[in-house]
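Open the model in your viewer and keep the selection tool ready. We will go from one selection to the next.

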There are 2 protein chains.
Amino acid sequence: MPSATTRIRIVEKADTLFYEAGFDATSFSDIAAAVGISRGNFYHHFKTKDQILNAVIRFRLERTREMLANWENNAETARDRILSFIQILIVNRANIMAYGCPAGTLCTELAKMDHASQDHANEIFVLFRGWLTQQFMLLGSDEQAGQHALHVLAWSQGVASIATTFRDEAFIRREVAEITIWLDRKISQLNTRLTGD
Amino acid sequence: MPSATTRIRIVEKADTLFYEAGFDATSFSDIAAAVGISRGNFYHHFKTKDQILNAVIRFRLERTREMLANWENNAETARDRILSFIQILIVNRANIMAYGCPAGTLCTELAKMDHASQDHANEIFVLFRGWLTQQFMLLGSDEQAGQHALHVLAWSQGVASIATTFRDEAFIRREVAEITIWLDRKISQLNTRLTGD
DNA sequence: CACAAGCTAGGACAGTTGTCCTAATTTGTC
DNA sequence: GACAAATTAGGACAACTGTCCTAGCTTGTG
């Protein structure tokens, strides 16, 4: 089925271009050139540009779900799983310093456009948020788990944003180390609360 | 001099539109309609769209300098001055939840475009960074002052980003409270280090 | 009042955009 | 090998973009 292949290749290239150049700044011509097909051929796979956007978001959601599942399998403790999330900042540092966070920059752009797919794009953060909340609950946090999740999410977004502005790799590593310290302090607080009180 | 007035009105309206809709998404027509002048009239005041962008950035830099000067005059301690910076998140919460941080979102957009005015826009962050570094030095921090400045800058960016995604005002207030606690702990650490060691 | 300078409106311009149609080609199935 | 479906290329289309020109208008100064 070669058509499915073309469709997937369109989504993959659009995913990259939307990340590197932004959704609005990426044209059909750009995607067509990247995939190696003609502009007119698009209409057979996607009726509108928004349909491509939604396919890209669905693609990213699926990839995120797989990543979270991998962490569940490969990291023993909830602490290590949370750190797996934070380590993205270092693993993807080159792209982050050049283009920022893929999820954050897309959501920001769609918010400014007041685009219909805003909520769809936000689902990526909803996914991370829920998953992080779950990890903090496993660490013994209950009503504060959701707040800790948002805190970690915001911290990583802030590091990505400033890393893009100043292209400072050392800064990223320092902040990741600080988040690790913060996390371990939170864990020890939760442990003393559980055993001591 | 009515021309200077028109020029200023163009910059002011462009400033708002660039913030609310983004630089690339804002057209000459949009600005002309907002100012109430004809499209063709632009060429007399600005030869290119990039010239408007640079004028807007200069406008924002000037406004930021004034804001920092005001804090110098109105806040007694370095602690209060740093908190003045953080309080922007609450003061501008409505705009931040709708459009994000004006400086951060512009820098991110220009980075994706690989625009020539990237460094110019980044100067807003350079300004904040230098000013915050100065405040931390006044608090007794020396080699770590610059790192603390970047940390606060990143934290505020992260809060703005997540606040935009989830439109969560309570989250903003919680994080501002947490930054205050963090700052006061840093200050007491610096004081015990200075007197105790 | 006269004149020059500054300012303005309107439109021309080539290029690009997303969308959509049609005709030709490739593909899988009988 | 024949036929129908899926896939493709190429181009038409109106709308919009940033840029630029020109002719008329307003303004301040002599």
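**Stop one: two domains of chain A**

Between domain 1 of chain A and domain 2 of chain A, about 960 Å² is buried, and carbon and sulfur atoms give 58% of it. Buried area is the accessible area (1.4 Å probe) that two parts lose on being put together, summed over both.

This is a predicted model, in which local features need pLDDT of at least 70, side-chain atom pairs count only at pLDDT 80 or more, and totals for chains, interfaces and linings use all residues. Residues are numbered from 1 along each chain as its sequence is written, chains are lettered from A and ligands numbered from 1 in the order in which they are written, and side-chain values use heavy atoms, with hydrogens and water left out.

Select 1–47 of chain A for domain 1 and 58–195 for domain 2. These bounds come from an automatic or database domain assignment. The C-alpha centres of the two domains lie 29 Å apart. Domain 1 of chain A brings 10 residues to the contact, and domain 2 of chain A brings 15. Contact means heavy atoms within 4.5 Å.

Now pick Asp15(A), Tyr19(A) and Phe23(A). In domain 1 of chain A they lose the most area to domain 2 of chain A, together 62% of what that side buries.

Stay on Asp15(A). Which residue forms a salt bridge with Asp15(A)? The partner is Arg63(A), with the closest N and O atoms 3.2 Å apart. A salt bridge is a side-chain nitrogen of Lys or Arg within 4 Å of a carboxyl oxygen of Asp or Glu. Across this domain interface the rule finds two salt bridges.

Colour chain A by secondary structure. Chain A has 10 helices and zero strands. Helices (H or I, at least four residues) and strands (E, at least two) are DSSP runs, numbered from the N terminus. The C-alpha atoms of chain A fill a box of roughly 70 × 35 × 30 Å along the principal axes.

**Stop three: where the chains meet**

Show chain B too. Here 39 residues of chain B are in contact with 39 residues of chain A. The two chains bury about 3100 Å² between them, 59% of it on carbon and sulfur atoms. In chain B, select Lys112(B), Thr165(B) and Phe166(B): they lose the most area to chain A, together 21% of what that side buries. How many salt bridges are counted between chain B and chain A? The count is zero.
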